[in-house]
Amino acid sequence: MFKVAVLPGDGIGPEVIAEAIKVLNAAAERFGFTIEYKEALVGGAAIDAVGKALPQETLDVCNEAHAILFGAVGGPKWESLPPEEQPERGALLPLRKEYNLYANLRPAIIFPALLDSSPLKNSVLGGKGFDILVVRELTGGIYFGQPKGIYQEEDGRKGVDTMIYHEWEIARIARKAFEAAMVRNKRLTSIDKANVLNSMVLWREVVSEVAKEFPEVELNHLLVDNAAMQLIRDPLQFDVILAGNMFGDILSDEAAMLTGSIGMLPSASLGDFKGLYEPVHGSAPDIAGEGVANPLATILSAAMMLRYSFRQGDAAKCIEKAVEDILNEGYRTADLYRGEGTKVNTSEMGDLVAERVRG
Ligand code: IPM
Ligand code: MG
């Protein structure tokens, strides 16, 4: 029995999570496993109900689970709260830290049926699109380094964040990225800013040392500014991209946009004992409650959950294939619809995928 903590959160979170659960249930039926779901409050929904973005009851539910299926948090309603109490910083960052979810996998794939959605020219995409995996360090770097704060000085206030990377932190995320490259196209691009930052000089050194354990993988180092440019100039050169917390945050959004459909992108945040799975898109308060959100990113996140937390690779592939088939057949949610094919709403899209998965 697989235990899943379900944290729908805010905005379109609950709508897309409901569809992912439909698909998970179909996969469980077909592949003969059972999933036990326990739902808990997170983000703005939790602030409204109990005054905290990440209440203890929610942590209790997560503690008991093997994996966390996360919708989205945040919205205009909570934007006037102090920054550290807001849904994003008050729930997402503490969850990552609490469960030591240091390895963030963000696949950016252009599905062939959606090639025209990419803002890049077809000539840049070579007529076939790309398949990039961004591996982002998620529990260290400038997001968490101390000291951190806004301090009063004699000449005014001073804002401080500290970028720190320990050798062991770099080595463990590098190993994850090399392992991922080994089951893909065996190419790894490590991102740094070694021309300016000491933490990034060490990053480059340690990644090069870990590379010796993976002689089959071709390793390249790119400075982050150059990487931002190369992603647009020639995205096909990339297989796995390894980056620290802040650079990975930025480049994963860039890669996401290049696929043309942020509503399609899943993610996994993995620690040694638990995984959190969430769509890359946010809570999209502007379309919440209308039943038009694209549930595919969450459905694909659920597939990642089956693969990484529950070792159900066949079930994960089956879901991914079902999504691809549905797109090839021309079904589109509003965000993907370009006047051709069949426009469907959130729950119709979930039904279509679940039906294919059930077989
Ligand atoms: C992400 C988001 C978060 C981050 C924010 C919401 C704290 O941008 O998951 O990429 O910066 O990590
Ligand atoms: Mg981000």
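**Notes on the ligand 1 site and the cysteines**

1. The shell around ligand 1 is made up of five charged residues, one nonpolar residue and no polar ones. Please keep in mind while reading that this is a predicted model. By name, the residues around the ligand are Glu88, Arg96, Arg106, Arg136, Tyr143 and Asp249.

2. Some of these neighbours are worth a look at the level of single atoms. The side chain of Tyr143 places a polar atom 2.5 Å from an oxygen atom of ligand 1. For Arg106, an N or O atom of the side chain is 2.8 Å from an oxygen atom of the ligand. Asp249 has a side-chain N or O atom 2.9 Å from an oxygen atom of ligand 1. Taken on its own, ligand 1 has 320 Å² of accessible area, and the protein covers 72% of that.

3. Where does ligand 1 sit among the pockets? The space that ligand 1 takes is the second largest pocket.

4. Now to the cysteines. A disulfide is a covalent bond between the sulfur atoms of two cysteines. This structure holds zero disulfides.

5. Are Cys62 and Cys318 buried or exposed? Cys62 counts as buried because its relative accessibility is 0%, under the 20% cut-off. Cys318, with a relative accessibility of 13%, therefore counts as buried too.

Key: Residues are numbered from 1 along each chain as its sequence is written. Chains are lettered from A and ligands numbered from 1 in the order in which they are written. This is a predicted model: local features need pLDDT of at least 70, side-chain atom pairs count only at pLDDT 80 or more; totals for chains, interfaces and linings use all residues. Side-chain values use heavy atoms; hydrogens and water are left out. A disulfide is a pair of cysteine sulfur atoms within 2.5 Å. Buried means under 20% relative accessible area, exposed over 50%, partly exposed in between (1.4 Å probe, protein chains only). A residue is near a molecule or strand if one of its heavy atoms lies within 4 Å of it. A polar contact is a pair of N or O atoms within 3.5 Å; within protein, one must be able to donate a hydrogen and the other to accept it, and residues adjacent in sequence count only if both atoms are side-chain atoms. Accessible areas come from the Shrake-Rupley method with a 1.4 Å probe; for residues, only the protein chains shown count as cover. On a 1 Å grid over the protein atoms alone, a cavity is a set of points where a 1.4 Å probe fits but cannot get out, and a pocket is an open set with protein on both sides within 12 Å along at least five of seven lines; lining residues have an atom within 4 Å of a point. A molecule sits in a cavity or pocket if more than half of its atoms lie within 2 Å of its grid points. Ala, Val, Leu, Ile, Met, Phe, Trp, Tyr, Cys and Pro count as nonpolar, Asp, Glu, Lys and Arg as charged, and the others, Gly among them, as polar.
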